[in-house]
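Please read the points below alongside the sequence and the model. They go from the whole chain down to single residue pairs.

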Amino acid sequence: MEYSYDGEDVEQFLTGYMDTVEGPANGRIAHRVGKRWRIQIPDPSFTWSELCSAGIHLTLRISAPTSVTFMVYEQYAMPDTFAVLHHEHGRNVVDNIRAQGAGRYVSSPDGSFTLQKGSPCVIRLVPNAGGQGEYTIILPHTCATEVVSIVSEAPVYPLGAATDRPRWTHYGSSISHGMQVASPADRWPERVAASLDLSLADLSVSGNAQIDAAVARTIAGIPADVITCSIGINLVNADSMRERAFVPALHGFLDIIRDSQPKTLVVLMTAGSCPVQEHTPGPAFLNDDGYFVTARRDIEHDEGALTLQRTRELIDDVYASRHDAHMRLVDGRELFGPNDVGLLDDHLHPNPEGVDLMARRMGALMRRILNEEVRTHV
């Protein structure tokens, strides 16, 4: 007998998402920001980044050979890789599988998009010698992913949520999104969550950590034990705010979260080191040589223009003014500092060695912060 799960039936196997929509292959595509909020940001860059499947997992408990069919839709020519974790004897065996024949994501200026089908990607799973198998498939973070179907010779079950695992929501830029690493398992938020056994809700949105109220409402609606917010680099890169807008926007962003989660630990993280933006306002752009540089500014005196150093100072002021016993401040240079900038291959994004460094430092930092929070509020 064949057991098949498709359409909305596949949602029970997904984690790390807010809602799903039907895809061109009649499967389900997971969104990381809920529909009510994501339509408030009709920007093609945000629409694409939010739709990328960063942090979204498919979990399965099988007792017979099982095939999982996906479609992937890419905007850029990047490796679209699934990380398949086989949970065996208390450890995870990781197999990275590259999707072939990707479909296309085509954006419009109003933030809408169309998806054009490519070839399906089929991942085949087999149980252990004992007749059981537990798998987690980490979806690619570089593209939109449609879960088309799950087919097996026996019933398939989700692994289920581990209710005793601390719940972590992370908000960040492309440095968190990790487009520069091939495997989604190697992204630093994934590595930290795995090392500390955290349940991760990932709102890493390349180019779009713009302290949008819509994203704050999404964060507020996800039950969490700890929320980390990495803020600064995208605001400067995009030259999207001056001081006058930034300070009240940051207060508003935090207020939205606090209204729903008054006692959740919130960790405010300033930007790591990035020489091209430390003392120079944006916008930044990618030049013909593949490096990020800042644009020339022809205005005489740009009052209130933001640099990375200035965002750190203003975030310090906001933190100090809130007198929040459940908030911590972290200087992002603890994770990636002036001595590490040689690992910025394009002058902006850490290369895989830099991502590894951030994962190790962030893991140690999170462990310390969580332990301190337990001791303080026991």
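1. The protein chain has an accessible surface of about 16500 Å², and carbon and sulfur atoms hold 50% of that area. Accessible areas here come from the Shrake-Rupley method with a 1.4 Å probe, and for residues only the protein chains shown count as cover. This is a predicted model, in which local features need pLDDT of at least 70 and side-chain atom pairs count only at pLDDT 80 or more, while totals for chains, interfaces and linings use all residues. Residues are numbered from 1 along each chain as its sequence is written, and side-chain values use heavy atoms, with hydrogens and water left out.

2. Ten helices and 20 strands make up the secondary structure of the protein chain; helices (H or I, at least four residues) and strands (E, at least two) are DSSP runs numbered from the N terminus. The radius of gyration is 21 Å, close to the 21 Å from the globule rule for 378 residues, so the chain is as compact as a globular protein of that length. That radius is taken over C-alpha atoms, and the rule is 2.2 Å times the number of residues to the power 0.38. The C-alpha trace spans about 75 × 50 × 40 Å along its principal axes.

3. Of the 378 residues, 53% count as buried. Buried means under 20% relative accessible area, exposed means over 50%, and partly exposed lies in between (1.4 Å probe, protein chains only). Among contacts with a separation of 6 or more, 76% come from residues 24 or more positions apart; a contact means heavy atoms within 4.5 Å.

4. Which residues have the most contacts inside the largest nonpolar core? They are W168, Y171, I231 and F246, in a core of 69 residues. Helix 10 (residues 352-376) gives the most to this core, with nine residues. A nonpolar core is a set of buried Ala, Val, Leu, Ile, Met, Phe, Trp, Tyr and Cys residues joined through side-chain atoms within 4.5 Å. Leaving aside residues up to four places away in sequence, F246 touches I211, I231, L235, M241, L306, T311, L314 and I315. A second, separate core has 38 residues, including A99, I123, L125 and V156.

5. Five strands form an open antiparallel sheet in the order 2-5-12-7-8. Strand 2 (14-15) and strand 8 (91-98) are at the edges with a single partner strand each, so one side of each has no neighbour in the sheet. Two strands pair if DSSP finds at least two bridges between them. Strand 7 (residues 81-88) and strand 8 are joined in the antiparallel sense by eight bridges, and F82 has I97 in strand 8 as its bridge partner.

6. Strand 14 (residues 167-172) is mostly covered, with five of its six residues buried. Strand 14 runs parallel to strand 15 (residues 199-204), with six bridges between them; here R167 is the bridge partner of S199. Four bridges, also in the parallel sense, join strand 14 to strand 16 (residues 226-230), where V226 is the partner of W168.

7. S176 lies in helix 3 (residues 174-177) and counts as buried at 2% relative accessibility. Not counting residues up to four places away in sequence, S176 touches H170, R187, W188, P189 and S204.

8. Side chains of opposite charge can pair when their charged atoms come close. The structure holds 19 salt bridges, each a side-chain nitrogen of Lys or Arg within 4 Å of a carboxyl oxygen of Asp or Glu. One of them joins E134 and R61, with the closest N and O atoms 3.1 Å apart. This pair links distant parts of the chain, strand 12 (residues 133-138) for E134 and strand 5 (residues 57-62) for R61, 73 residues apart.

9. R310 and E243 form another salt bridge, at 2.6 Å from N to O. R310 is in helix 9 (residues 308-322) and E243 in helix 7 (residues 243-260), 67 residues apart. R310 is partly exposed at 26% relative accessibility, and E243 is partly exposed at 25%.

10. E372 and R368 also meet in a salt bridge, at 3.8 Å from N to O. They are four residues apart in helix 10, which separates them by about one helical turn.
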